[in-house]
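The structure is shown below.

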Amino acid sequence: MSCDWILSAQAGRVLTLTLNRPDARNALSTDCLEQLVLRLEQADGDESVGCVVITGSARFFAAGADLRELQQQDVAATLTDRRPQVWQRFSAFSKPIVAAVNGYALGAGCELALASDVVICGESARFGLPEITLGLMPGAGGTQRLIRSVGKSLAYQMVLSGEAIDARRALQAGLVSEVCVDALTLETAQRLAARIGAQAPLALRAAKAALKQAQESALAPGLIAERQLFTVLAGTEDRREGIAAFFDKRSPEFKGR
Amino acid sequence: MILTHVEAGVLTLTLNRPDRLNSFNDEMHRQLAEALKIAERDDSVRCLLITGAGRGFCAGQDLNDRNVSVDQETPDLGLSVERFYNPLIRRITSLPKPVICAVNGVAAGAGAALAFACDIVIASSSASFIQSFCRLGLVPDSGGSWFLPRLAGRARAMGMALLGDKVSAEQALAWGLIWQVVEPEQLADKTQTLAQHLATQPTYGLGLIKKAINASATNTLDQQLDLERDLQRLGGRSDDYREGVSAFFAKRQPEFRGK
């Protein structure tokens, strides 16, 4: 499949994927989303990739799903839609994802940011789930992930009114971890991704799995899972290298073993 | 209701309802918003100059547009603020180019706030500034209650806002509300010359300076130091920075292109 809608560039261990549908305000049609996921799946098996950055344009991260697509779907077609599986494959990606958001992240675009691991945004960023204004509702994690990051009242407000919030509000609420000058958003995200990508690959994978677990289970099983993942890492070469390098006051050289 | 004129990189916007002291109605807001689009989108515009036609600068909201008869529903002034005045002030303060205000006469209510929102304010000696809201039971809007204490200090802000007295151009200058006062017949020339000078300067860098100074009003020193680092990083990558440094070493006049 050609990947016209996703530009891809790798620098060091950081793979940057750029949503590139300028005519459609980077709307996430199923094909576009699938192209993104295919890129991620290639990166999952690629040892040279340590961390992925997903970004859009200066004015749009992604302004929603493709409404024409939705318009044509009745109940039966929606029931058999392959889109949920594509989102599941996105969630299954095992390496860290940093979303770099400038401009609008609405609907599916907001859900894409929510499904990413870290969100860095520019001052111009707007996050919103306007699905309700179209007589529908978020269908790709919007009602589930938003409430876990921003809390009950704001999540209800956003989902039920469809109104977007700005970057400052998103930072206060915990939807994003850092706000920067627009012109530096991508660079800031890439710098963070480079730092993440330089860490031991197996440790990253285990840590991400543990963090995901935190949203999916209660505390007690989460703590057990965390301890198991922690124990698994005790058997890795990189763990010995990491601690040895710390005592030798040098940079570690991780091998992913 | 809004005259636009572009010359030598300067977009001049003239509020043009002289018989109503250039007071705002909805249509003038719409036209002003259209004109601001040019300032925002056209790269060849490198400075914005705002002034008023006739003897006044801007008398704020046109009260003829306000129906307050008891048998009808009261107008929602908040809606008008949200729809027209707030976006206007936000657009002027976030425009990444210098905005000069030539205050040719009385600037009252939102008209005064509009002037305070601009980057460099030059007033005719016959101009005056009034926060007239208090006389109608209203609150300084369009950023008036934010700009005033920052520009003039709390005591003077309270005096102006609670009494609604007219403040002369000289007084405004002494208080730090504005940059300069000139004779009425010199106002147009002086402001146009200044605007044309700014339009030859490193516009991108000037936009960064504006951003930094505006942000300083709410940032802590720590946040501001971080912002300065980021903006300097951007400024250092501009073509104009390279041109400025090479012109300095070559001992020649730099030719800035605003990028």
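In this predicted model, A:Trp87 and A:Phe90 both belong to helix H4 (residues 83-92) of chain A, and because they are 3 residues apart, about one helical turn separates them. Both A:Trp87 and A:Phe90 are buried. Over all chains, a search of the whole structure finds 7 aromatic pairs. The rings of A:Trp87 and A:Phe90 have planes at 70°, which is over 60 degrees, so this pair is edge-to-face.

Chain B supplies a stacked pair, B:Phe116 with B:Phe129.

| Aromatic pair | Centre to centre | Angle between planes |
|---|---|---|
| A:Trp87 and A:Phe90 | 6.1 Å | 70° |
| B:Phe116 and B:Phe129 | 5.7 Å | 20° |

Charged side chains also lie over aromatic faces. A:Arg21 is placed over the face of A:Trp5, 4.6 Å from the ring centre. A:Lys152 lies over the face of A:Tyr156, at 5.8 Å from the ring centre.

Two packed helices are described by the angle and the distance between their axes. For helix H6 (residues 142-150) and helix H7 (residues 152-161) of chain A, the angle is about 140° and the axes are 7 Å apart. Their crossing is right-handed. A:Lys152 and A:Tyr156 are among the H7(A) residues that make this contact, while H6(A) contributes A:Thr143, A:Leu146, A:Ile147 and A:Val150. By class, the contact comprises 8 nonpolar, 1 polar and 1 charged residues.

Note on methods
Residues are numbered from 1 along each chain as its sequence is written. Chains are lettered from A and ligands numbered from 1 in the order in which they are written. This is a predicted model: local features need pLDDT of at least 70, side-chain atom pairs count only at pLDDT 80 or more; totals for chains, interfaces and linings use all residues. Side-chain values use heavy atoms; hydrogens and water are left out. Axes are lines fitted to C-alpha atoms, for helices over the stretch in contact, and angles run from 0 to 180 degrees between N-to-C directions. Helices (H or I, at least four residues) and strands (E, at least two) are DSSP runs, numbered from the N terminus. A crossing is left-handed if the near helix is turned anticlockwise from the far one by less than a right angle, and right-handed if clockwise. Contact means heavy atoms within 4.5 Å. Ala, Val, Leu, Ile, Met, Phe, Trp, Tyr, Cys and Pro count as nonpolar, Asp, Glu, Lys and Arg as charged, and the others, Gly among them, as polar. Rings of Phe, Tyr and Trp (its six-membered ring) pair if their centres lie within 6.5 Å; planes under 30 degrees apart count as stacked, over 60 as edge-to-face and the rest as tilted. Buried means under 20% relative accessible area, exposed over 50%, partly exposed in between (1.4 Å probe, protein chains only). A charge sits over a ring if NZ of Lys or CZ of Arg is within 6 Å of the ring centre and within 35 degrees of the ring normal.
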